[in-house]
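Please read them beside the coordinates.

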Amino acid sequence: MPVFRKPESIINTAGYCGGCGHGVIQRLIAESIEELGLQDHVIGCVDIACSFWSQDALNFEFIAGPHGRCAAVATGIKKVRPDATVYVHAGDGCSYVIGLSETIYAAIRDVPITMVVVNNGIFGMTGGQLNLATTLIGDKTLSSKAGRDPKTMGHPVDMLKTIANCDVAFAARGALYDVKHIDETKRYIKKGFQNQVENRGFSIIEVLSPCPTNWKLSPVDAMAKIKNETEKVFPVGVYVDRGGKD
Amino acid sequence: MSVDYVLMKGNEAIAEAALRAGCRFYAGYPITPQSEILEYMSVHMAKRGGVFIQGENEIASMSMLFGAAACGARCMSSSSGPGFDLKQEEISYLSAAGLPAVLVNAMRYGLGDGEITAGQDSYWVSTRGGGHGDKRLLVLAPASVQECADLTYLAFDLAEKYRNVVEILSDGAICQMIEKCVLPEPREHDMNKFDWALTGKPREARKNKAYNLSYYMGYEAYDRYMREKIESMFENEQRWEEFMLEDAELVLVAYGISSRACRSAVRQARRDGMKLGLIRPISVWPFPRRAFAGVPDSVRGYVSVEMSITTQMGEDIQLATEFSKPLYAYLTSKEIPTVEGIIAYCQEILAGNIKPTEVL
Amino acid sequence: MADIIMAGFGGQGVLTAGKILIDVAAREGKNVSWTSSYGAEMRGGTASCSVVISDEEIGSPYPTKLDILLAMNEPSYDKFIGSMRDGGLVIVNTSLVAKSGYPDNVRVYGVDATDMANAAGNGRAANLVMLGAMIKASGLLDVDRFGAGLDAYFDAKGKNTPKNAECYRLGATSLREL
């Protein structure tokens, strides 16, 4: 009879808020790495934002560099340590706003890393400001208190469509609001690591993730918001799967 | 006929010496007058089994370098003026994480985009800068193609010895000129030799983290570590050259391309009966204060010769001399100083026609 | 010891002429330096390089007083003729430079470098004609040894042709005092 176990790579609790999706994503990363047998040769790259806590929680080597530059930092690592499993765990502020250029160019270079982007529609670590790429129209944040107005703040952008313009190995979006979607997200993340094992190229997995603290919603209502609102703007599914190209 | 030298540009000597020092990672973005470093690396890095990346900008290039440096690779990037400004963020992060790296700054003239011709106005950003925060960069200023090679080769050792960023402060003249150069012996670097580097270690091993050392050491221990490191670099890494200081009446102080004209001026002036000498800082941080302790009593003043609008090095000379002698600054800004110009300026000083320069 | 400027239009090969000169001089045991104008400095018609050849350590690689000027076009001649030391040597490309008179304090030699290179079927080698004239008139280095060095320079680049040496010889034998 299967026993439900915590991945042994998780060695500490992390400082995430209650109901936050980061911890689930961190666990999916650890499960994927262990199921593929990669846990003895991993370098994780986190941003100096909420994902930073993962470097205390997981028993891997980690690097945290300048805010937003994760894809570039991971590129440097993978180039000099091509045999290591190198992954990015970062937010949408890092990956799509200040570090959009770094993300896009990692995709253009097709660097064989696994990049997991947490789309929670907000700047979490700094207390809940507007995210130009992902905050939904009308959503209230500390820097858009009357709600996001597209006339002055533009519209949210599906960055996976932008990245799909590049010749990458894999691009997909998952969500965490029910078991079915968590399982699907896990399959995407594992696929991203499998691609790295097979040296297939750049894999990016975006995850629609709740931030109850800054959304000022209960964890349950935050999940409902993703299902009813966020997913309408950012559909889940596979955007690119280049498949075998040996 | 075989020869033991090569004729190359300063830029090429820097790039080749870096490769011979075991540099196996270069990332950078083109900017005149140092693009030949990037171009040289694009041709030769792969032949040595290393990684060359033309970055999408300087910030990304430096972030890639940050990752490679954390893995223990010998890393280099290079830029000039406005491009070097963009590297400041990662210099601060490299310094915080105690990561070694060698950066080249080939100075050009002017604020903003300025002009692509030679200048020396990045003294301040090099000796005081490197982003925010308490730290020092070791800054070495070559004055010949030979020194471009020698100091670059040395820079990688210093960077690792102190786990510190080392800057090669070149300029548009030194990096573009061709001279004879005897290249150093090639060596291999073992990127697994450090106990701090990221390698991707197995479960049982102690894991390394590349991030602010203060986070892991605690702030008090970190502050002490940084202070002691800076003191140690200041104490041990002052480098300079003295030229005809004995019985000098005026001592020229100049580095890089300006020091070349100064050497000629000292020789010429002494032929004409005017007693000039020269202190040439090779390290501009640490500034070679020790050089000034041994100057003879005959010295009546110091002349800082710089290609800048106001004197930048002047305040370091005043600190080194404890304001004991007048300081004059011969500033040529966009023009490379000439022997005639330096000599005429010194004649005016000795004739009492020029007031000391106030450091602003 | 010689402070030299070689100047002309971009594309006339003055930078290469300077590189050949330092290459051969260095093999003869001299100290050498080569610096060039680049980028915005070059806008307005002249490209130039400064060459210093010396038995002693070289101070400033940017000489302000010249022993030798090699002028491949008229703007270059006009720009640098005032920098000559007394007794200095000026080589002018008389295919493109036509002055009614020359200063008394310098020796001036002319050679139809552009025309000769074209006639020899090696139009890009006007710089080598000029070099031939310069080596011959200056006595800086032995004419034959320099010719061999010039061949070695192009051989090392993998793009030599007998016409290079021919153009150099033409320069060394066709110069005339102006």
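1. Two strands pair if DSSP finds at least two bridges between them. Strands here are DSSP runs of E, at least two residues long, numbered from the N terminus. The model is predicted.

2. Nine strands form an open sheet with mixed pairing. Its order runs β1(B)-β9(B)-β2(C)-β3(C)-β1(C)-β4(C)-β5(C)-β6(C)-β7(C). The edges are held by β1 (6-9) of chain B and β7 (176-177) of chain C. Each has a single partner strand, so one side of each is left without a neighbour in the sheet.

3. Where do β9 of chain B and β2 of chain C come together, and in which sense? Strand β9 (residues 178-181) of chain B pairs with strand β2 (residues 31-36) of chain C in the antiparallel sense. Two bridges make up the pairing. One residue to check is I178(B), whose bridge partner in β2(C) is W34(C). Helix α7 (residues 145-162) of chain B packs on the sheet and touches β1 and β9 of chain B. The direction of α7 makes about 55 degrees with that of β9(B).

4. Extent of the B–C interface. Chain B brings 26 residues into contact with 24 residues of chain C. The area buried between chain B and chain C is about 2000 Å². Carbon and sulfur atoms give 58% of that area.

5. The largest share, six residues, comes from α10(B). The residues on this side of chain B divide into 12 nonpolar, six polar and eight charged.

6. Extent of the B–A interface. The contact takes 37 residues from chain B and 33 residues from chain A. Chains B and A bury about 2900 Å² between them. Of this, 55% lies on carbon and sulfur atoms. In chain B, E56(B), R203(B) and K209(B) lose the most area to chain A. Together they account for 21% of what that side buries.

7. How many salt bridges does the count between chain B and chain A give? The count is five. One of the salt bridges has the side chains of E61(A) and K201(B) meeting at 2.6 Å, N to O. Polar contacts between chains B and A come to 22 residue pairs, both residues at pLDDT 80 or more. On the side of chain B that touches chain A, β3 (51-54), α3 (58-70), α5 (88-97), β10 (209-210) and α8 (213-217) each supply at least two residues. With eight residues, α3(B) gives the most. By class, this side of chain B has 20 nonpolar, nine polar and eight charged residues.

8. Strand pairing across B and A. Strand β2 (residues 61-64) of chain A and β10(B) pair in the parallel sense. Two bridges connect them. In this pairing I63(A) stands opposite A210(B).

9. Backbone points to inspect. P33(B) lies in the loop between β2 (25-28) and α2 (35-44) of chain B. The bond from W285(B) to P286(B) is cis as well, with omega near 0 degrees. P286(B) sits in the loop between β14 (283-285) and β15 (301-306) of chain B.

10. One residue in chain A deserves a look. N199(A) has a positive phi of about 55 degrees although it is not a glycine. N199(A) is placed in the loop between α8 (179-197) and β8 (203-208) of chain A.

Terms used
Residues are numbered from 1 along each chain as its sequence is written. Chains are lettered from A and ligands numbered from 1 in the order in which they are written. This is a predicted model: local features need pLDDT of at least 70, side-chain atom pairs count only at pLDDT 80 or more; totals for chains, interfaces and linings use all residues. Side-chain values use heavy atoms; hydrogens and water are left out. Helices (H or I, at least four residues) and strands (E, at least two) are DSSP runs, numbered from the N terminus. Contact means heavy atoms within 4.5 Å. Axes are lines fitted to C-alpha atoms, for helices over the stretch in contact, and angles run from 0 to 180 degrees between N-to-C directions. Buried area is the accessible area (1.4 Å probe) that two parts lose on being put together, summed over both. Ala, Val, Leu, Ile, Met, Phe, Trp, Tyr, Cys and Pro count as nonpolar, Asp, Glu, Lys and Arg as charged, and the others, Gly among them, as polar. A salt bridge is a side-chain nitrogen of Lys or Arg within 4 Å of a carboxyl oxygen of Asp or Glu. A polar contact is a pair of N or O atoms within 3.5 Å; within protein, one must be able to donate a hydrogen and the other to accept it, and residues adjacent in sequence count only if both atoms are side-chain atoms.
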